[in-house]
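Look at the fold below with the sequence beside it. The text after it goes through the model part by part.

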Amino acid sequence: MSGEQRRRRVGIVGYGHLGQYLVKRLQDDGLQHRLELAFVWNRDARKLEGAVPAELRLGKLTDFLERHADIIIEVAHPCIVQDNGESFLQAADFMVGSPTALADLGTELKLREAARRSGHTLYIPSGALWGGQDIQRLDDGGMLQALTVMMVKHPSSFRLGGHLGELAQGAHQERMVLYSGPVGRLCPLAPNNVNTMAAACIAAPSLGFDGVKGCLIADPNLPDYHVVETEVTGPGGFSVTTRRKNPAACGAVTGTATFAAFWSSLLGEDETL
């Protein structure tokens, strides 16, 4: 019997900044971690030309079975999770890079059931959430009473829908609170901006998307980093507050430190549902 273990084949769905980072890390460092690219898909296939070898490009997402991936990583949009996650889980483990999709209870239940039936695993990366495992342990012990996640970014870093988009446009002169309330109501309005909040909801299932509070703030004085503050409350006056500054180019949706955190999540395969 050979002592060499088979490489784990990774499919990447989405080729924005995070997808590009993961593809490059897999090409440069995958071998030492027994990982290799199975395919790369992007909604606009032209973006892959000259950047991804032709044999690794997947033209139609529905053809993913032909590439025999062991794990598929979504870093595109929540609609990919909602429309394709169940199919992915029938053939491979699935890492959800847009956990805002799980604010829809029907989507979460559908994916959980698909994972149960297939024996594959549904993973949620920690991303920009600091202390997610500590939150999960507190919740598992029945001691988590409240959880608030505040995210502060430059107005140009937001991709918002509905009235929040209009509010953000008016925040280029002064700091403005765009939203404060249950994370579940915010996810459909800011699906690309509040994945950190969604990850917190998943780490704290006793509170969930209805019980975890989110606060979204636009601040024109933050041109080169994002701020994530998390406040955890437990019994007897217990509380922990963390503040994370994540370097980011002006207008960037994702901070640079999140890229490395996502790669670490792939190596450790992070939290499971």
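The paragraphs below take up the sheet, the helix across it, the cores, a helix pair and some single residues.

This is a predicted model, in which local features need pLDDT of at least 70 and side-chain atom pairs count only at pLDDT 80 or more, while totals for chains, interfaces and linings use all residues. Residues are numbered from 1 along each chain as its sequence is written, and side-chain values use heavy atoms, with hydrogens and water left out.

Start with the sheet. Five strands make up an open sheet with mixed pairing, in the order β7-β8-β6-β9-β10. Helices (H or I, at least four residues) and strands (E, at least two) are DSSP runs, numbered from the N terminus, and two strands pair if DSSP finds at least two bridges between them. The edges are held by β7 (176–182) and β10 (239–247); each has a single partner strand, so one side of each is left without a neighbour in the sheet. From one strand to the next, the twist averages 10 degrees. Strands β6 (residues 146–153) and β9 (residues 225–233) run antiparallel and are joined by seven bridges. M151 has V228 in β9 as its bridge partner.

Helix α7 lies across β6, β8 (213–218) and β9, and runs at about 170 degrees to β6. Axes are lines fitted to C-alpha atoms, for helices over the stretch in contact, and angles run from 0 to 180 degrees between N-to-C directions; contact means heavy atoms within 4.5 Å. How much of α7 is covered? Nine of its nine residues are buried. Buried stands for under 20% relative accessible area, exposed for over 50%, and partly exposed for values in between (1.4 Å probe, protein chains only). Among the buried residues of α7 are N195, M197, C201 and I202.

Next come the cores. A nonpolar core is a set of buried Ala, Val, Leu, Ile, Met, Phe, Trp, Tyr and Cys residues joined through side-chain atoms within 4.5 Å. The largest one has 57 residues, and F39, I72 and L216 have the most contacts inside it. Helix α7 (residues 195–203) gives the most to this core, with seven residues. Leaving aside neighbours within four places in sequence, F39 is in contact with residues including V10, I12, L56, F64, R67 and I72. Another core, of 23 residues, lies apart from it and includes V23, L26, L37 and M95. In soluble globular proteins, nonpolar side chains tend to be buried together.

Now consider a pair of helices. The axes of α2 (residues 78–91) and α3 come within 8 Å and cross at roughly 10 degrees. The two helices are therefore roughly parallel to each other, a term for angles under 35 degrees. On the α2 side, V81, Q82, G85, E86, L89 and Q90 take part, and they meet α3 residues that include K110, L111 and A114. Helix α3 (residues 105–118) also contains L105. L105 counts as exposed because its relative accessibility is 54%.

Most residues other than glycine have a negative phi. R34, in the loop between α1 (17–29) and β2 (35–41), has a positive phi near 55 degrees. R34 counts as partly exposed because its relative accessibility is 40%. H68 sits in the loop between β2 and β3 (71–74) and also has a positive phi, of about 55 degrees, although it is not a glycine. H68 is exposed, with a relative accessible area of 58%.

Key
Angles under 35 degrees count as roughly parallel, over 145 as roughly antiparallel, 65 to 115 as roughly perpendicular and the rest as oblique.
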